[in-house]
Amino acid sequence: MTAWRILAAAVLIGAGVALRGPLEAHPVTHMLVQMPGLALAGALLASPAIGSGEWNRGGVAALLAAVFTATFWMLPRSIDAAVSGPLVDAAKFATLPLLAGLPLAAGWRRAHPLLRGFLKAQALSMLGILAFLYTHAPVRICNAYLAEDQFRLGIGFLAVAVALAVLWTVPLLVGEAPRPAAGMPTGSG
Amino acid sequence: MRAWAASLAVAVAGVAALWVATDGLAALTTEGARRLAVVRDAPVVPPRRLQTMDGGQEVLPAGDGRASLIEFIYTSCPTICQSAGTAMAVLRDRFATAGLATQVRLLSVSFDPEVDDVPQLASYGERHGADGSIWTIARPDPEDLPELLDTFGVTVIPDGFGGYEHNAAILVVGPDGRLHTILDVEDVAGAVAATRRLLP
């Protein structure tokens, strides 16, 4: 693992802790800046040796760990508890890098392209559901945050969904056409 | 370890963690969790004095065999407290016609006691038709406020325009001095039913 990766991860986690107050004051910066930053820090720490064993064949076990951890931190209860309780917040600073970002990277690089595509599609639909939920919920979902900030978070989820959809589909539309898989009819015969 | 065994172990641990974190998928929000916990544990309400809108005193819990239905408000609230006030008026009328006026009291308690002095409380009571006989408006000692909000699980956050947002609810305290039920402010029928169950 290169030194700059460790340094960058340390900076990300350090900034998340140091700027805890202002970042967690608003749900948009809490959930769309601080929390992804922590996961990214974990991904930077995923050296090639991690997850290279037989237990992680196809990256499935590591990806499952990342998905469960992400699901836990998507619960409104978890967000409220992190804002109001230093212990829960400390758990967030530990688990998002080590049990979400790191296993995501360790699983992704071994994952079959079909599994990657499945996870991308799931991520987009989940973000879409969250966007709808947070912009249309008739009640406040988090006690710690204002209703109008909840609406902004929904718009934020929508923006992330659109950005990822563009990021993931544009490479398919420009540049070299993807080659058909071996054994598929090529249409040129 | 074999890949399938590792994946299974992760899945079992993940489902167990989510199960515990959501009370068996029953509560995804803090508000849902608080309502479940109250039904399960019926926490004791610590005895505290409140100053009422006519300058008198009420004690929490009542301690005289009456049930208390409590809502937290602030009198300058333009939105949800107004509908909560309307719901309290409807509740008061229901209990009066049901002949339960001596067994139940309704309290709208300010979580902004520094601003909500007795004239402010009285003005709020007048606007919503609280005459003090079954339903009165009151404020706690500012020193007691954090403990009260904690007991009732009320989170108050400034809205940036001089007001507050808070998880408004009807809190039903039984004659035994325990908090038994938390309901939406519009759920008048539910509040009447929950109160009847607590009365002898």
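Here is a short tour of a predicted model, chain by chain.

Before you click, residues are numbered from 1 along each chain as its sequence is written, while chains are lettered from A and ligands numbered from 1 in the order in which they are written. Local features need pLDDT of at least 70 and side-chain atom pairs count only at pLDDT 80 or more, whereas totals for chains, interfaces and linings use all residues. The model scores ipTM 0.87 and pTM 0.87.

**Stop one: chain A**

Select chain A and switch to cartoon. You'll find 8 helices and 0 strands, where helices (H or I, at least four residues) and strands (E, at least two) are DSSP runs numbered from the N terminus. Walk along from the N terminus and the elements read α-α-α-α-α-α-α-α. Taken along the principal axes, the C-alpha atoms fill a box of roughly 65 × 40 × 25 Å.

Now try colouring by burial. Of the 189 residues of chain A, 37% count as buried; that takes 20 or more other C-beta atoms within 10 Å of a residue's own, while 12 or fewer makes it exposed and anything in between partly exposed, with C-beta atoms placed from the backbone. Among chain A contacts between residues at least 6 apart in sequence, 76% join residues at least 24 apart. A contact here means C-beta atoms, placed from the backbone, within 7 Å.

**Stop two: where A meets B**

Bring chain B into view and select the contact: 23 residues come from chain A and 23 residues from chain B. On the chain A side, helix 4 (60-72) and helix 5 (76-84) each supply at least two residues. Helix 4 of chain A gives the largest share of that side, 7 residues. Colour the chain A side by type and you get 13 nonpolar, 5 polar and 5 charged. Ala, Val, Leu, Ile, Met, Phe, Trp, Tyr, Cys and Pro count as nonpolar, Asp, Glu, Lys and Arg as charged, and the others, Gly among them, as polar.

**Stop three: a hairpin in chain B**

Chain B has a mean pLDDT (the predictor's per-residue confidence, from 0 to 100) of 92, and 98% of its residues reach 70 or more. Select residues 48-52 and 57-60 of chain B: these are strands 1 and 2, antiparallel and joined by 4 bridges. Strands pair if DSSP finds at least two bridges between them. Pick Q51(B) and look across to its bridge partner, Q57(B) in strand 2. Between the strands sit 4 residues, and in this hairpin G55(B) takes a positive phi near 85 degrees.

**Last stop: D64(B)**

Move on to D64(B), in the loop between strand 2 and strand 3 (67-73) of chain B. Why does D64(B) count as exposed? Because it has 10 C-beta neighbours inside 10 Å.

How values were computed: Two residues are in contact if their C-beta atoms, placed from the backbone, lie within 7 Å.
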